[in-house]
Amino acid sequence: MTIFISTILNFCLVFIGPFMAIFYLIQNCSRNVCSSKDSTEKKMFYKFFAGAMLFYIFALIPQGYVDAWNSLVKIPNMIVEQKCLGIVILVFLIIIIYPYLLIIYEESGVNVFYKYRAIRKIIIYIQLLNSFGVILYLCMVNARIINEYNLWKYLLSADLSLSVCVILISAIRVAFETTGLFFEYNTIISQKKIYKYGENTFKVTEENGGFVVSNGVEEAQMNKLTQYQKDGVLKFMELVNGTIDEG
């Protein structure tokens, strides 16, 4: 249990904590439409929490970050010395699966149209292969087939980097809630999410080769959409006009 908890904490300190803090900081500091349901208080909380986490990790305990990374680099040695292959693989799978669980949660009940969907699929396939390679490598270390561990930190870094790429590229999208409650246009540096509330209704218009989605008070202007994203906006138009099934 000690190995499990310490390895999880090291991964969180090195990877999940800093990256998610930076990601949410960018999302909530980006140029956006602040809808009445996307409150300023919630955005301020994300900014404060993300900023505090980064300050804690890199300003208050920088040596702790270095030590956590060194511990991850020494995982092959730990497997050989403490016979904990199963625990390490379990932790690794949790860390790798986490970004996908986050994406699935965010997309629950939402239709999503990625700008780079083909590239996203390729990166996911590459990461799956790389993750399999990481597990195979650790199994070979445990079986003493591999005695030199220089490759380990590069495999680990590649897998964590691919996880970052998946999250970032998944954020560049057009999306809408399946019942038409909200519409989102996200380019990471410009995040716009507007809601239907009260008596307001959505209106979708084409403008200069792009689209404008408005709820009567706020609007999201979209340009340089891929054809796949344009099809998504048109589906949203059909939804709000009541010409397709909202379920």
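The structure is a predicted model, in which local features need pLDDT of at least 70, side-chain atom pairs count only at pLDDT 80 or more, and totals for chains, interfaces and linings use all residues. Residues are numbered from 1 along each chain as its sequence is written, and side-chain values use heavy atoms, with hydrogens and water left out.

**Pockets**

- A pocket is an open set of points on a 1 Å grid over the protein atoms alone, with protein on both sides within 12 Å along at least five of seven lines, and its lining residues have an atom within 4 Å of a point.
- The largest pocket holds about 610 Å³ of space, a volume being the space filled by probe spheres set on the points, which are joined across faces, edges and corners.
- Among its 26 lining residues, those closest to the centre are Tyr-24, Glu-106, Arg-173, Gln-191 and Lys-193.
- The second largest pocket has a volume of about 190 Å³, and α1 and α2 each give two or more residues to its lining.

**Helix residues**

- Helices are DSSP runs (H or I, at least four residues), numbered from the N terminus.
- Leu-101 lies in helix α5 (residues 85-106) and is exposed, with a relative accessible area of 51%, because exposed means over 50%, buried under 20%, and partly exposed in between (1.4 Å probe, protein chains only).
- Ile-122, in helix α6 (residues 117-142), is partly exposed at 49% relative accessibility.
- In helix α4 (residues 75-82), the buried residues are Ile-75, Pro-76, Met-78, Ile-79 and Val-80.

Terms used: On a 1 Å grid over the protein atoms alone, a cavity is a set of points where a 1.4 Å probe fits but cannot get out, and a pocket is an open set with protein on both sides within 12 Å along at least five of seven lines; lining residues have an atom within 4 Å of a point.
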